[in-house]
Amino acid sequence: MTKYDFTTRPNRLGQNTMKWHSSETDPDLLQMWVADMDFLPLPQVKEALIAYAQDHVYGYSLFADSLYQSVIDWEKNQHGYDIQKEDVVFIEGVVPAITVAIQALTKEGDAVLINSPVYSPFARTVRLNKRQLISNSLVEKDGQYTLDFDQLEADIIENQVKLYIFCSPHNPGGRVWTKEELEKVGQLCQKHGVILISDEIHQDLALFGHKHLSFNTVSPDFKDFSLILSSATKTFNIAGTKNSFAIIENPSLRKAFTKQQLANNQHEIPTVGLIATEVAFRHGRDWLDQLKEVLEENINYTVDFLTEHSQIKVMKPQGTYLIWLDFSAYGLSNEQIQEKLMKEAKVVLNDGLSFGKEGKFHARLNTATPLETVKEACQRIVQVFGKET
C-alpha cells in the first residue's frame with residue numbers, strides 16, 4: 001500500500017486562496033479556519049488534471065457513465081447506500097443545491113428550519129431567498145450537541161415548517177448522528193409533511209469508530225421526502241474544482257429540483273470537477289484511510305493540550321476535522337476573544353457567532369493540517385488563553 005505524505009504543508013501563499021489570503025500581508029498569521037485542508041493532494045487527482053490540461057480541448061463536457069458509476073460504487077461501498085444512476089443529480093456545490101431545493105420546493109414566506117449553531121450559509125441562503133428562518137437550538141449534553149426533539153416538533157408545528165435543512169455529520173460540532181436520532185428526525189418529518197435536505201458533505205470523515213449513516217439508509221420510507229447532498233470535495237480537498245451531487249430518489253422531488261436547476265442555469269459542471277470527483281472516488285480509499293488516522297491524532301492532541309493548559313472547553317468531534325471551542329470561561333466579550341486570537345495569538349479561527357447566536361464566545365478550529373502546524377496553533381492559543389488568563 002502506498003504511504004501518502006501528510007507531514008508536508010504546501011505553500012499556499014501567492015495563490016489567491018481564501019484561507020491564506022490575509023497571510024499575504026501578515027505572514028505571522030496561522031490560518032486554521034476555512035474548511036479545506038493543508039495537505040498535499042491525492043496524487044492520482046493531480047495526475048489526471050495534468051493529463052487533462054495537456055491532452056484536451058477545454059470545451060463542454062458530458063457526465064460520463066463512469067462518473068455516475070464512481071458515485072454509485074462509493075455510496076454502496078463506503079456507506080451501504082444502494083442508489084441508481086437516475087437518482088444522482090450533479091451540481092456545482094452543496095450550498096447551490098440547497099438554494100435550488102429551497103426555490104423548487106417552497107415559496108416565499110414559507111418556514112425553513114435549521115439547527116443552530118450550524119454552517120453559516122444555511123441561514124444566509126434561507127434569508128436571501130425570502131423564506132422564514134426558524135432556528136432550532138441544539139443542546140449540549142455530556143460534551144456533545146444533541147437534538148431536543150420536543151422543541152423540534154413544537155417549532156415545526158408552530159411555524160408550519162415546510163423544509164428542514166439538516167447537517168449530518170454536524171458542522172461545527174462534529175456530531176455523527178445515531179440511527180435512533182435519525183429515525184426520530186425522519187418520523188417527525190413524515191408526521192408533519194416536512195421535506196428534509198440532508199447535507200452529508202462530511203460523510204466520509206466519521207472518526208474514532210463512529211459510523212455515518214446516510215439518512216435514506218435508516219428507513220426506506222424516508223426516500224419519499226428527502227434530498228441527500230454530498231460531494232468528494234471535503235473528503236479529498238478538491239472544493240475548488242466545483243462538483244457535488246444530490247441523491248433524490250423521489251421522482252417528483254427530482255423533477256422539481258432539476259427544473260429549477262435548469263431555470264437557474266446551474267446544470268453545467270466544470271470538467272475539472274467531473275474528472276477530480278471520479279478519480280478521487282476510484283483511487284482515494286487508501287489515502288482517505290490514512291488521512292483519518294492523521295486527523296484523529298491531530299484532534300486528540302488539540303483536545304488534550306487545550307484542556308490541560310487552558311480554560312477553553314473543547315468539544316471533541318466524532319467526525320469532520322473541525323473542533324468547536326468555547327472561550328466563555330474567560331469573561332471576555334465575543335469581540336475581545338476574536339481580537340486576542342487574531343492580534344495576539346496570530347491564529348485565525350472562524351468566529352462562532354457566524355454559526356448562529358449559540359456560537360457566541362466560541363470559535364471553530366480546523367485541524368486538517370500537519371501535526372506540527374496544529375501544535376504551533378495550540379501553543380499560540382495557550383500563550384494568550386492560559387489557565388491563569
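A crossing of two helices is left-handed if the near helix is turned anticlockwise from the far one by less than a right angle, and right-handed if clockwise. Helix H1 passes helix H10 in a right-handed crossing. This is a predicted model, in which local features need pLDDT of at least 70, side-chain atom pairs count only at pLDDT 80 or more, and totals for chains, interfaces and linings use all residues. Residues are numbered from 1 along each chain as its sequence is written, and side-chain values use heavy atoms, with hydrogens and water left out.

Start with the whole. The protein has 13 helices and 15 strands. Helices (H or I, at least four residues) and strands (E, at least two) are DSSP runs, numbered from the N terminus. A compact globule of 389 residues would have a radius of gyration near 21 Å, and the protein agrees, with 21 Å. That radius is taken over C-alpha atoms, and the globule rule is 2.2 Å times the number of residues to the power 0.38. Along the principal axes, the C-alpha atoms fill a box of roughly 60 × 60 × 35 Å.

Next comes the seven-stranded sheet. Its order is E2-E10-E9-E8-E7-E3-E4; the sheet is open and the pairing mixed. Two strands pair if DSSP finds at least two bridges between them. Strands E2 (88–91) and E4 (132–137) stand at the edges with a single partner strand each, so one side of each has no neighbour in the sheet. On average, neighbouring strands of this sheet are turned by 25 degrees against each other, direction ignored. Inspect one pair. Strand E8 (residues 195–199) and strand E9 (residues 226–230) are parallel and share four bridges. Ser198 stands opposite Ile228 in E9.

H5 touches strand E3 (111–116), E4 and strand E7 (161–167), and its direction makes about 165 degrees with that of E4. H6 touches E7 and E8, and its direction makes about 165 degrees with that of E7. Contact means heavy atoms within 4.5 Å. Axes are lines fitted to C-alpha atoms, for helices over the stretch in contact, and angles run from 0 to 180 degrees between N-to-C directions.

The two helices also pack on each other. H5 (residues 149–159) and H6 (residues 179–192) make an angle of about 20 degrees, and their axes are 11 Å apart. They are therefore roughly parallel. Angles under 35 degrees count as roughly parallel, over 145 as roughly antiparallel, 65 to 115 as roughly perpendicular and the rest as oblique. H5 passes H6 in a right-handed crossing. From H5, the contact uses Phe149, Leu152, Glu153, Ile156 and Ile157; from H6, it uses Glu181, Lys184, Val185, Leu188, Lys191 and His192. By class, these residues are six nonpolar, one polar and four charged. Ala, Val, Leu, Ile, Met, Phe, Trp, Tyr, Cys and Pro count as nonpolar, Asp, Glu, Lys and Arg as charged, and the others, Gly among them, as polar.

Return to H1 and H10. H1 (residues 43–55) and H10 (residues 271–283) pack at about 145 degrees, with their axes 9 Å apart. Gln44, Val45, Ala48, Leu49 and Tyr52 of H1 meet Thr271, Val272, Ile275, Ala276, Val279, Ala280 and His283 of H10. This contact has nine nonpolar, three polar and no charged residues.

Some loops deserve a check of the backbone. The Ser116 to Pro117 peptide bond is cis, with omega near 5 degrees. Pro117 is in the loop between E3 and helix H4 (121–128). The Asn171 to Pro172 bond is also cis, with omega near 25 degrees. Pro172 lies in the loop between E7 and H6. Lys130, in the loop between H4 and E4, has a positive phi, near 60 degrees, though it is not glycine.

A further sheet has four strands. It is open and antiparallel, in the order E11-E12-E15-E14. Strands E12 (residues 322–326) and E15 (residues 362–366) run antiparallel, joined by five bridges. Leu322 stands opposite Asn366 in E15. Helix H12 (residues 334–345) lies across E14 and E15, at about 30 degrees to E15.

Finish with H11 (residues 285–309) and H13 (residues 371–384). They pack at about 15 degrees, with their axes 10 Å apart. H11 and H13 are therefore roughly parallel, and the crossing is right-handed.
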